[in-house]
Amino acid sequence: MRMILLGPPGAGKGTQAANLSIALKIPHISTGDIFRANIKEGTPLGVLAKTYIDAGKLVPDDVTIGIVEKRLENKDCVNGFLMDGFPRTIPQAEKFDAMLEKMGRSVDLVINIEVPDDLIVKRMSGRRMCSCGRTYHVDNNPPQKEGICDACGNKLYIREDDREETVKERLKTYHQQTSPLIDYYKKKGILVNVDGTKSIDDTSREILELIKNHA
Ligand SMILES: [Zn+2]
């Protein structure tokens with residue numbers, strides 16, 4: 001099964017992708033992870049990607065498509081894959097379709113995880129981190145003493161990505177760029193919507209059920 005996972009930042013795509021990858025025995029392909037790994041290892045691709053990222057620019061589609069194509073040539077993709085974080089835009093989706101067609105393949109199913117913006121903002125802006133690696137949430141998983149890590153006593157902090165203004169900015173970008181993809185795949189008849197407001201396990205179960213019905 002060749003699948004794409006769509007949904008706003010903070011909808012739990014990464015967690016769902018990891019669960020589904022195990023349940024369906026197909027690889028979870030995150031372009032973000034591939035870029036980060038290449039940058040860390042200092043590969044030519046990583047060096048190239050970093051020049052764009054450091055300049056505050058988006059990595060060009062051709063570069064991203066190139067790494068996806070190379071990744072899909074791996075043996076582990078023979079029974080399918082689960083794309084997470086790609087495609088992000090209509091031009092990327094069109095190029096992805098063209099690339100798969102060249103390989104004699106196509107996308108089977110697109111899972112759209114739906115979470116309202118206000119809930120995303122609440123989920124993300126409530127996150128608190130500690131330098132020791134522990135994470136908290138002001139509503140769902142608060143520390144015993146406000147702003148202080150239970151384990152090490154250090155002061156908790158908010159990640160830049162989790163700041164309310166940053167989250168709202170990312171949601172705006174998502175709606176502008178990625179939401180049109182929902183229509184793109186709907187027209188192809190391969191889109192299914194999933195309620196992402198439930199618990200991680202409930203959402204995973206719903207997705208697996210949908211996949212079973214689709215297959
Ligand atoms: Zn700590």
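This is a predicted model: local features need pLDDT of at least 70, side-chain atom pairs count only at pLDDT 80 or more; totals for chains, interfaces and linings use all residues.
1. Numbering runs from 1 along each chain as its sequence is written.

2. Leu5 belongs to the largest nonpolar core, which has 28 residues. Leu5 is among those with the most contacts inside this core, as are Met3, Leu6, Leu82, Met83, Ile111 and Ile113. At least two core residues come from each of β1 (2–6), α1 (13–24), α4 (61–72), β3 (81–84), α5 (90–102), β4 (109–114), α6 (117–125) and α8 (179–187). Such a core is a set of buried Ala, Val, Leu, Ile, Met, Phe, Trp, Tyr and Cys residues joined through C-beta atoms within 7 Å. Buried means 20 or more other C-beta atoms within 10 Å of the residue's own, with C-beta atoms placed from the backbone.

3. The protein chain has nine helices and seven strands. These are DSSP runs, numbered from the N terminus (helices: H or I, at least four residues; strands: E, at least two).

4. Check α5. Its 13 residues should span 18 Å at 1.5 Å a residue, and its end C-alpha atoms are 18 Å apart, which agrees. The expected span is 1.5 Å times one less than the number of residues. Gly104 follows α5, with a positive phi near 75°.

5. Overall, the C-alpha trace spans about 55 × 40 × 30 Å along its principal axes. Buried residues make up 25% of the 215 in the protein chain.

Conventions
A residue is buried if 20 or more other C-beta atoms lie within 10 Å of its own, exposed if 12 or fewer, and partly exposed in between; C-beta atoms are placed from the backbone.
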